Number of protein chains: 4
Amino acid sequence: MNPDSKQSIPRKPIPDVQDEADHRHIDIDKVGVKDLVYPITVLDREKETQQTVGRVSMYVNLPHQFKGTHMSRFVELLNEHRHNMSTTAIPDILQAMRKRLQAAKAHLEVAFPFFLTKRAPVSGAEGLMSYNCTVRGSADAENLELEIEIEIPITALCPCSKAISDEGAHNQRGWVTVRFIQDKLVWIEEIIEAVEGSASCEVYSVLKREDEKYVTEKAYANPMFVEDVARSVAQKLAAHPRILAWAVEVENEESIHAHNAYAYIEGKNPCPPPNS
Amino acid sequence: MNPDSKQSIPRKPIPDVQDEADHRHIDIDKVGVKDLVYPITVLDREKETQQTVGRVSMYVNLPHQFKGTHMSRFVELLNEHRHNMSTTAIPDILQAMRKRLQAAKAHLEVAFPFFLTKRAPVSGAEGLMSYNCTVRGSADAENLELEIEIEIPITALCPCSKAISDEGAHNQRGWVTVRFIQDKLVWIEEIIEAVEGSASCEVYSVLKREDEKYVTEKAYANPMFVEDVARSVAQKLAAHPRILAWAVEVENEESIHAHNAYAYIEGKNPCPPPNS
Amino acid sequence: MNPDSKQSIPRKPIPDVQDEADHRHIDIDKVGVKDLVYPITVLDREKETQQTVGRVSMYVNLPHQFKGTHMSRFVELLNEHRHNMSTTAIPDILQAMRKRLQAAKAHLEVAFPFFLTKRAPVSGAEGLMSYNCTVRGSADAENLELEIEIEIPITALCPCSKAISDEGAHNQRGWVTVRFIQDKLVWIEEIIEAVEGSASCEVYSVLKREDEKYVTEKAYANPMFVEDVARSVAQKLAAHPRILAWAVEVENEESIHAHNAYAYIEGKNPCPPPNS
Amino acid sequence: MNPDSKQSIPRKPIPDVQDEADHRHIDIDKVGVKDLVYPITVLDREKETQQTVGRVSMYVNLPHQFKGTHMSRFVELLNEHRHNMSTTAIPDILQAMRKRLQAAKAHLEVAFPFFLTKRAPVSGAEGLMSYNCTVRGSADAENLELEIEIEIPITALCPCSKAISDEGAHNQRGWVTVRFIQDKLVWIEEIIEAVEGSASCEVYSVLKREDEKYVTEKAYANPMFVEDVARSVAQKLAAHPRILAWAVEVENEESIHAHNAYAYIEGKNPCPPPNS
């Protein structure tokens with residue numbers, strides 16, 4: 001190879017290998033980019049928007065006759081849309097993906113910490129809580145599927161331990177993960193409130209001494225198995241007027257074991273009346 | 001509280017809180033223990049068995065009228081069965097779980113590294129490869145579902161990069177994850193071989209210089225997009241006589257990006273004839 | 001327990017157990033809170049500030065005569081200072097921690113993704129890159145130690161593979177981690193530039209076809225072992241006028257193995273002249 | 001390129017690029033392979049040996065005049081020595097590494113779960129506990145450094161919460177990490193016992209109802225701050241006749257917060273008398 005000739009006369013035009021034909025007759029369900037870490041903006045019931053950091057994956061389907069997709073277009077779309085990655089904006093982003101990638105179906109997954117200011121129960125001391133959220137959207141020309149997942153820490157105090165022990169009861173941090181498909185907008189804040197009201201006690205980032213007395217006594221007064229927390233959350237999700245389908249998963253970091261206790265319930269809600 | 005009286009006259013018999021009634025009418029899909037790390041034994045086509053370390057989760061369903069399950073029984077069952085946690089043994093373990101926990105349905109998940117001796121392609125130098133496997137089983141009185149997942153590292157060399165560049169081509173480690181439901185026993189080793197034959201090149205733990213020349217040239221001669229690897233594996237899974245349903249996921253640790261390229265295909269195979 | 005009497009006449013004043021004496025004569029080096037996830041603001045050479053998400057840990061020493069520290073004060077301090085967690089602000093935060101916790105020594109660790117806009121080398125297409133940074137500060141009344149860590153993805157192409165193979169060369173994503181103690185302000189951006197210029201090629205979030213040709217050919221023209229990358233970065237750190245001590249760690253996600261290649265070098269720079 | 005001619009007349013002999021000279025005058029502290037997952041055998045006080053799975057990293061130093069090390073030799077050595085990777089065997093492995101790699105200094109890191117059978121405190125029900133261990137060894141011609149790290153789960157019950165609350169007390173799973181350098185053999189089991197006796201209560205894998213009553217009441221009777229656990233372990237490590245230097249780190253998964261409480265103490269023991 002003569003490097004000089006390479007400079008003056010390109011040996012070959014740049015071919016578009018991705019657009020070549022593939023002859024195996026296998027459609028690809030999802031192809032794209034995974035785990036881009038990006039600063040994003042999401043909706044916030046109190047402050048309208050909040051800035052956070054997302055882990056973003058973007059895929060489209062690829063019909064059997066095409067060899068490859070165009071990966072750089074996903075990142076260009078992310079650049080354009082990162083200033084509004086709220087659940088309300090995701091339907092438009094999915095349609096933009098379908099158009100730019102010339103695909104029948106598009107998929108987007110965004111995972112991010114969502115922050116809320118929370119006051120300690122007695123002292124009122126303020127702190128921020130961080131909740132891991134993941135939004136997964138899929139759309140074709142007619143249908144949109146949007147699944148939202150929120151992970152909420154709680155306190156769980158064991159009813160068995162309380163009942164059988166002369167004093168005290170083992171308790172632990174638990175993690176409640178709610179996944180749901182909505183009919184109309186459900187605020188992340190609504191789900192957090194529902195879950196925090198379904199535990200032995202909720203957790204806080206700042207607790208002064210008077211708060212610590214309160215949460216200790218509240219948890220002791222509300223013993224709940226991992227099953228109880230799951231059922232209590234399930235009851236609320238099943239009654240939610242804007243949720244179509246849901247699942248709740250509770251995982252307790254047992255203070256008496258090195259392993260976790262786990263419970264899972266899923267359900268579908270009856271269709272809401274057309275004018276609800 | 002008088003500790004002496006506590007010793008002689010128990011203040012209260014130990015109640016069985018878990019067996020109490022629950023009145024919310026919510027069945028629990030899965031309840032149990034999660035993420036126990038245990039030494040386990042699994043089947044090995046060459047050496048009959050191999051010892052490894054599993055991360056084990058065990059669940060049962062819980063009808064709405066019961067408040068809680070009996071968590072310690074899961075660990076007792078694990079103790080009894082850990083010396084054979086092969087896919088062939090899992091149906092029996094699931095039935096034992098159903099019986100001991102008096103449950104209609106049982107679920108078991110075991111994740112473990114599976115080791116194979118592998119020879120370098122030219123020098124024949126031996127090394128061990130580790131493949132992450134996960135077996136997920138569910139059973140009720142009549143039905144058994146067994147899903148097997150295997151994660152296999154490969155080399156993927158980009159066809160576009162090769163085609164457009166005067167010299168070289170970017171390549172990277174990729175991870176192929178295959179999940180399948182089997183009709184009859186499929187060896188983990190079969191899937192590993194199928195995947196390692198579907199990449200630009202397979203990876204090894206030991207490579208001498210002559211081997212490195214071989215794998216470099218082999219990968220350069222077999223450029224494959226993330227889509228190509230997924231399609232090539234899909235083709236083999238779709239043709240496998242003992243696999244009923246499958247999914248393949250390929251994730252390339254792109255050497256030119258900080259994010260990954262991703263492709264996913266799933267499929268169902270036609271039912272095998274009754275006497276196959 | 002009578003809840004009414006509890007309200008009117010507290011059964012006991014709330015004791016301050018943490019302030020009680022401890023008689024074991026053991027000083028505690030660090031005690032505090034670990035892994036709070038918080039939205040934070042840091043300095044940015046281009047845009048002055050950027051908003052990101054930090055994982056924050058805060059500790060103080062505890063002399064042997066005290067039983068415990070006051071954990072809630074750490075979170076209150078974090079609330080007050082999160083709007084400027086830059087390396088330039090950390091000395092003040094550490095002094096505020098010492099004062100509020102009445103401690104001789106304070107420690108702060110903040111880990112966060114730092115974002116930079118980066119243009120593709122030929123097309124100029126813009127994308128954001130994310131770099132994991134960690135700042136670790138410690139201070140007593142007289143001394144301040146500030147260690148900064150930055151993790152930078154690169155492309156590394158193997159010189160041996162290139163030299164022995166008729167065509168192609170294996171290459172992979174590598175991760176370069178630089179840790180340093182500064183004499184005067186060193187911008188995160190400076191270190192990123194130094195490292196990205198010390199690899200076979202740098203990585204990008206968006207690459208069009210002409211860019212992919214460029215990075216492929218550039219990497220092929222600049223083969224570097226994991227050792228070469230480490231030495232090249234070390235050379236720059238050793239010559240940096242505002243760095244006192246440093247370490248560089250390179251980890252390549254080998255495309256021909258399931259394990260990684262690794263190199264590590266550390267060094268101390270001669271003290272700069274007093275008026276430098 | 002004519003593949004036939006390539007077969008018969010190799011275009012070039014395979015060069016040894018790693019043995020080429022490097023002219024930057026920079027010694028490399030550590031170079032080698034990282035994160036190989038391998039089945040290994042370690043020593044066990046009860047059963048003599050136990051089989052487990054290790055994550056292994058192996059490095060040597062590289063003088064400034066050499067361009068690269070020979071990575072495949074590390075894996076060959078691992079193959080030869082994996083059947084005894086106990087702390088007592090590591091000095092020999094390090095010398096074998098120095099010899100095979102022609103290096104002045106060798107480094108080995110092996111992380112593995114270590115299993116112990118443990119009986120529930122009242123029922124005597126048996127279960128296995130898994131403890132994460134890491135052994136880090138370094139040796140040159142004269143000196144050997146061997147650091148052992150063990151991570152042990154415990155229960156910690158908050159003294160403040162107990163003192164200020166009318167009933168109950170928050171408690172949680174804590175993780176105690178001990179690192180030490182030994183003068184003569186210290187069994188992993190010894191450290192586990194020392195730590196499990198330094199907490200509000202120890203944790204178990206199987207607990208029947210009578211055991212749960214016992215551990216609940218024991219923890220309530222032994223309230224300990226994160227500081228108390230650290231001090232109690234520190235006291236034992238400081239008095240250990242075969243330990244030269246040590247550090248203890250306690251991290252409590254606070255049941256009332258989403259973040260953790262943390263304490264750290266390190267120390268050096270006086271040199272033992274020569275004939276001890």
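**Copies and helices in a predicted model**

Tutor: Chains C and B meet through the same surface, because 100% of the interface residues of chain C are also interface residues in chain B (contact means heavy atoms within 4.5 Å). This is a predicted model, where local features need pLDDT of at least 70, side-chain atom pairs count only at pLDDT 80 or more, and totals for chains, interfaces and linings use all residues. Residues are numbered from 1 along each chain as written, chains are lettered from A and ligands numbered from 1 in written order, and side-chain values use heavy atoms, without hydrogens and water.

Student: What rotation and shift superpose chain C on chain B?

Tutor: A rotation of 180° with 0.0 Å of shift along its axis, at an RMSD of 0.0 Å (least squares on C-alpha atoms of residues with pLDDT of at least 70 in both copies). That is the relation of a two-fold axis.

Student: What superposes chain D on chain C?

Tutor: Again a rotation of 180° with 0.0 Å of shift, RMSD 0.0 Å. The same surface serves both copies, as 100% of the contact residues of chain D recur in chain C.

Student: At what angle do H2(B) and H3(B) pack?

Tutor: Helix H2 (residues 71-81) and helix H3 (residues 90-100) of chain B pack at about 145°, with axes 10 Å apart (axes are fitted to C-alpha atoms over the stretch in contact; angles run from 0 to 180 degrees between N-to-C directions). Among the residues that meet are B:Phe74 and B:Leu77 in H2(B), and B:Ile93 and B:Met97 in H3(B).

Student: Which residues of H6(D) are buried?

Tutor: D:Asp211, D:Glu212, D:Val215, D:Thr216, D:Glu217, D:Ala219 and D:Tyr220 (buried is under 20% relative accessible area, with a 1.4 Å probe and protein chains only).

Conventions. Buried means under 20% relative accessible area, exposed over 50%, partly exposed in between (1.4 Å probe, protein chains only). Helices (H or I, at least four residues) and strands (E, at least two) are DSSP runs, numbered from the N terminus.
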